[in-house]
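Colleague: I am new to protein models, and I would like to learn how to look closely at one part of a structure. Please pick a single part and guide me through it, with its surroundings.

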Amino acid sequence: MGAILEVQPEATFIQSESSEYFHPVNPEAEKLANFLNQKRFLSLDLTYGYPINVTMYEYLLDNGMTREEYHWFEDHQVTARCIMGNDYYLTNEHLVHPDGFTTSAGEIFGYYTITRQYYNRYRLPIMHTETNRTMPDSVDWFYKEWTNVHKLKKDGIPIVGFTWYSLLHQVDWDSALRHDRGVVNELGLFDLDRKIMPVGKAYKKVISQWRDVLANESYGLLFRV
């Protein structure tokens with residue numbers, strides 16, 4: 001960031017991070033869930049210079065970070081225009097078990113509630129930088145995420161963008177690119193032949209319907225008479 005600002009001092013940085021939440025399955029798992037809900041912020045805390053608590057500081061030291069390395073982040077904070085990009089998928093909420101094992105919780109709080117937690121912490125403009133679902137659930141999921149984004153904007157959260165990931169279907173993303181199998185993951189707005197998918201048509205429709213409305217909406221209270 002510092003190097004970029006030396007060349008272009010008006011640069012804006014959009015930083016994408018997964019937005020998470022950990023739900024304890026019972027009281028015995030609550031302590032661990034609380035720890036994980038602190039740890040989920042750690043990368044952004046270091047990036048943005050948010051003061052971490054003693055528990056997280058001890059965690060960093062126990063896992064190899066030195067005092068000097070920690071203070072490097074404090075000493076190299078960059079004053080710049082930053083947009084906090086947060087991703088949300090069906091897999092972003094977790095059930096925490098007493099033995100430390102976690103499983104997928106599905107959607108419990110959803111994007112609206114979790115994003116407010118991140119905004120309350122950092123007070124930065126926000127972009128929903130990633131989400132998707134495969135067919136036949138993609139269109140319903142798209143409208144759900146769009147509704148959450150628009151509700152946040154109406155409630156005064158400075159939302160500046162929304163991205164469906166990705167433009168085209170992905171290949172071998174199911175194995176995180178570990179295996180070159182040529183498996184097509186049908187997650188795109190368009191297929192690999194550039195033919196628009198149903199979710200792509202839904203995205204296009206939302207842009208057409210809401211373009212003028214979004215341009216006129218301001219952050220904060222909006223009174224209609």
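Modeller: Let's start at Ser-166, in the loop between β7 and β8 (170-171). Helices (H or I, at least four residues) and strands (E, at least two) are DSSP runs, numbered from the N terminus. The peptide bond leading from Tyr-165 into Ser-166 is cis, with omega near 15°. This is a predicted model, in which local features need pLDDT of at least 70 and side-chain atom pairs count only at pLDDT 80 or more, while totals for chains, interfaces and linings use all residues. Residues are numbered from 1 along each chain as its sequence is written, and side-chain values use heavy atoms, with hydrogens and water left out.

Another cis bond runs from Met-135 to Pro-136, with omega near 5°.

Helix α7 covers residues 138-154, and its axis comes within 9 Å of the axis of helix α8, residues 198-216, the two crossing at roughly 20°. That makes α7 roughly parallel to α8, because angles under 35 degrees get that name. The axes are lines fitted to C-alpha atoms over the stretch in contact, and the angle, from 0 to 180 degrees, is taken between N-to-C directions. The crossing of α7 and α8 is right-handed, meaning that the near helix is turned clockwise from the far one by less than a right angle.

Which residues of α7 and α8 meet? From α7 come Ser-138, Val-139, Phe-142, Tyr-143, Trp-146, His-150 and Lys-153, and from α8 come Pro-198, Val-199, Ala-202, Tyr-203, Lys-205, Val-206, Trp-210 and Leu-214. By class, this contact of α7 with α8 has 11 nonpolar, two polar and two charged residues. Here Ala, Val, Leu, Ile, Met, Phe, Trp, Tyr, Cys and Pro are nonpolar, Asp, Glu, Lys and Arg are charged, and the others, Gly among them, are polar.

Setting aside neighbours within four places in sequence, Phe-142 is in contact (heavy atoms within 4.5 Å) with Phe-162, Trp-164, Val-199, Ala-202, Tyr-203 and Val-206. Together with Met-84 and Tyr-122, Phe-142 has the most contacts inside the largest nonpolar core, which holds 32 residues. The elements giving two or more residues to this core are α3 (42-48), β3 (81-87), α6 (110-122), α7, β7 (159-162) and α8. Apart from it lies another core of eight residues, including Ile-52, Tyr-57, Met-65 and Tyr-70. A core of this kind is a set of buried Ala, Val, Leu, Ile, Met, Phe, Trp, Tyr and Cys residues joined through side-chain atoms within 4.5 Å.

Buried means under 20% relative accessible area, exposed over 50% and partly exposed in between, with a 1.4 Å probe and protein chains only. In the chain, 39% of the 225 residues count as buried. By contrast, Arg-194, in the loop between β9 (184-185) and α8, is exposed, with a relative accessible area of 70%. Arg-194 also has a positive phi of about 65°, although it is not a glycine.

Finally, step back: the chain has eight helices and nine strands, and its C-alpha atoms fill a box of roughly 50 × 45 × 40 Å along the principal axes.

Terms used. Parallel < 35°, antiparallel > 145°, perpendicular 65-115°, else oblique.
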